[in-house]
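Hello,

Here is the structure for your files. Please open it alongside this note. My findings follow below.

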Amino acid sequence: MKSSSEFYLDDVVIRLVQFSVAWAVVAMAAGVYLAAELIWPTLDFGQYWLSFGRLRPLHTNGIIFGFGVSALMTTAFYSVQRTSHVKLFTPGLAWFCCYAWQLIVLLGGLSLLAGYNTSKEYAELEWPFDIAIAIVWVCFGIVFFGTIATRRIKPIYISNWFYGALIIVIAMLHIVNSLAIPATALKSYSLYPGAQDAVVQWWYGHNAVGFLLTGGFLGMLYYFLPKHAGRPIWSYRLSVVAFWAFVYSYIWAGPHHLHYNAIPEWVQSLGMVMSIILLAPSWATMINGIMTVSDAWEKLRTDPALKFIVLSLAFYGLATFEGPMMAIRSVNVVSHFTDWTIGHVHSGALGWNAMITYGTFYFLVPRLVGGELYSVRLANVHFWLALAGTMLYIMSMWGAGVSQGLLWLSVDQIGELSFSFKDIMASMTPYYALRLIAGIIFLLGTILMAYNLYKTIQGRQASKVEIPAVNPAYGIS
Amino acid sequence: MSQAIFNYLLFRSLYEPVSAFEQLAKVDPSPAGILLRYSLWLLLLPPVFAFIGATNFGWRLGAAEPLRMETSELALISVGYLLVLVFGLVSTALISCWMAKTYGANTSLGRHMALITIVGQPLAVASVAHLFPHVFINMLVLIPTMIWSMYLLYKGIPIALQTPPERGMLMASSLVGWLLVAAVSLLGLSMGLWVAGVGPLLGV
C-alpha cells in the first residue's frame, strides 16, 4: 500500500479556489456599486462606509489581494508540486497561508471601510496588516521554495521562475514601501518624505502590477496553457529570455506614474524608456502563448476553458502595448488623470487576469475533484458575457478618457481654460452608465462561474493524485 | 475579379454575409482590384462624414459648448484619418495573410483584402454617425456595429479562408488582438498629434 506522502496535497488548492471565487464576486460587486455611485452619488445614503473613498480601496484590494493572490496561491501550490514531483513542503504552513491570507483580506477590507487608510494606492492597509502580510508572504515563500528545494526533478520549470519572482519581488516591494512610523494602533506615517515617498510608492505600485498581476499570472499561463493544449510550450528558450528581460526592465518603469510631477525629469524619462522596452518581453510571451495554442485547435472542441485563455492572450497583448504607449510623456499629458487609465487597468484586470484565471479554474476544478464540469453550456455563456463586459468597459472608458483629456486641456485664444472641471464631470454620466452595464454583465458571468464550480465541487472531495515516477534522465540522484 | 463577387461584396455582404463569404471562398481576386475598386471608396466615408459633421456642428464632447476648429485644420485631420484607415486596412490584410500560414488558411492576399473589407464595411457605413460628431452618440452607434463586425470576422475566416472553425476561431482572436492594438494606437497617435499642435488648441 502506498503511503499518503506519495500523493499531492490538493485539499488546500480547492479551498483556495473557493476563496478566490468568493472574493471575485464580492470585490466585483463592490466595483459595480462604485460604478453606480459615480452616476447616483446619493447611493452612499450618507454612510461613510458606503462612500466612494472607502469602497474604492475595498474593490481594488479585494480584487488584487483577495481574488488575484488567492488564485496565484492556488495555481502556484498546484503547479509547483507537479513540476517538482513532490508534495508541498510543510503542508501545515500551506494551510496557514491559505487561511491567514483570507483573514488579512477580510479584516483589512473592514478596516478600509472603517476609514483606516495609508493613502498609498494598492498599499492602503495600515501597519499591523502590513506586518501580517509580510509574515504570511514569507511563509508562502517557505512553502514554495521549500517544495522546489526538495524536488525530485533537476530542471526548474519556467512557471516556477515567474512564481519565484512574484514571491521575492513582492516581498521586497511590500516591505520597503510599507516602512512607516506607527502613531497609533491603526495610524502610521511613511518613513519617506515628500517626493521620495511618491517615487517609492510608484516603484511599489507599478511593480505590484508587474510582478503580481503580470509576472504571477504569466506563471499561471506557462503551466496551464501547455496543459490545456496538451503540448509543450512553443519555445522554451524564448520563455527564459522573456523572463530575464521582463524582470530586468519592469523594475524601472514605475516613474511613468509621476510624469510632470516634482521628481527629476531624467527619472521620468528613464521610467518612460524602460516602459517602452518592456513591450519586447511582454510580446515575446504573448507570441509564445499564441504559437503554443495554434497547433492545439482540436482542443477547442472539447475544452470550454481554452477560449478564455486564447482571449486572455489578446487582451494581454492590448494591455502590454497600451501601457508603454500611455507611458510616453506626450500621450500621458492628455491621458493621465482621465478615465482612459481606468479603462487600461481594466483591459488588463478583466481581459487578462480574470480571463486567464477563469480559464484555469474551469480546467483545474474538474480535475481536482475527479469529475466533469457541471455545465459546459454555462461556461460558454460565461465566455461571451466576459468578452462583452470587457469590451464595453474598455470602449466606454476610452470615450470618457479621450473626452476628458481634450476638455480639461482645451484653451481659448487668450489661453483661458475653455471648460470647467465640474461641467466636464457632469457630462460623463452616459459613459459611466455604459461602464455600469459592462460591470453588471461581467459580474453576472462571474456569478455563473461561481455557481458552475460550486455544483462541480458539491459533494466531492479532492481526488488523490499519486506522485508519478521521475524519468531517470531528469531525476535528482 | 468577377462582376459577381464585386456585387456580393458591394451589396450582399451587408445583409447576407455568409453567402458573400461562401462566394469569396471560390475566387482569388486581385488585392489591388479590391482596394482600388471597392475598399478605398468605403474608407472615404468616415473622414468625409467626420469633416462635414465637424464643420457644421463642432466636436461635441459632452460639455455645453462644442469644440470648434478651423476648416483647414479639420481638412488636415480628415486626410490623416483617411491615411490611417488605408494603412489599417492594408496592414490588417497583410497580417491576416501572414497569420494564415500558421492556421492552415488560404493565403491569397486578395481574398484577405476582400474579407477584411467585408468585416469593416458595417463600420464604414455606420460612420454616418460622424455627421453629428457627438462622441457618446457615435459610441452608441459604433459599439454594436463593432460587435457585428467581430461576429463577421469570427464567422468569415473559416468559410472564406477554408480552415476548420476551431482554427478560424484562433486566427480571428489573434486578429482581434492586432485590431485592439491598432485601435489604441490610433488614440495614442491622435493625442501625440494634438500635443504637437495639430487639432484642437490644448494648453500643454
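**What the model shows**

Chain B has seven helices and zero strands. Helices (H or I, at least four residues) and strands (E, at least two) are DSSP runs, numbered from the N terminus. Along the sequence, the pattern of chain B reads α-α-α-α-α-α-α.

A word on the source: this is a predicted model, where local features need pLDDT of at least 70, side-chain atom pairs count only at pLDDT 80 or more, and totals for chains, interfaces and linings use all residues. Residues are numbered from 1 along each chain as its sequence is written, while chains are lettered from A and ligands numbered from 1 in the order in which they are written.

**Overall form of chain B**

The C-alpha trace of chain B spans about 50 × 30 × 30 Å along its principal axes. Of the 204 residues in chain B, 48% are buried. Buried means 20 or more other C-beta atoms within 10 Å of the residue's own; exposed means 12 or fewer, and partly exposed is in between, with C-beta atoms placed from the backbone. Among contacts in chain B with a separation of 6 or more, 70% join residues 24 or more positions apart. Two residues are in contact if their C-beta atoms, placed from the backbone, lie within 7 Å.

**α3 against α4 in chain B**

Helix α3(B) (residues 31-57) packs on helix α4(B) (residues 71-102) at an angle of about 155 degrees, with the axes 9 Å apart. Axes are lines fitted to C-alpha atoms, for helices over the stretch in contact, and angles run from 0 to 180 degrees between N-to-C directions. The angle makes α3(B) roughly antiparallel to α4(B) (under 35 degrees is roughly parallel, over 145 roughly antiparallel, 65 to 115 roughly perpendicular, the rest oblique). Residues of α3(B) in this contact include Leu43(B), Pro47(B) and Phe51(B); those of α4(B) include Leu74(B), Tyr81(B) and Leu85(B). By class, the contact has 14 nonpolar, four polar and no charged residues. Nonpolar covers Ala, Val, Leu, Ile, Met, Phe, Trp, Tyr, Cys and Pro; charged covers Asp, Glu, Lys and Arg; the others, Gly among them, are polar.

**Chain B meets chain A**

Here, 34 residues of chain B are in contact with 42 residues of chain A. On the chain B side, α6 (135-160) and α7 (165-195) each supply at least two residues. α7(B) gives the most, with 17 residues. By class, this side of chain B has 24 nonpolar, eight polar and two charged residues.

Best wishes
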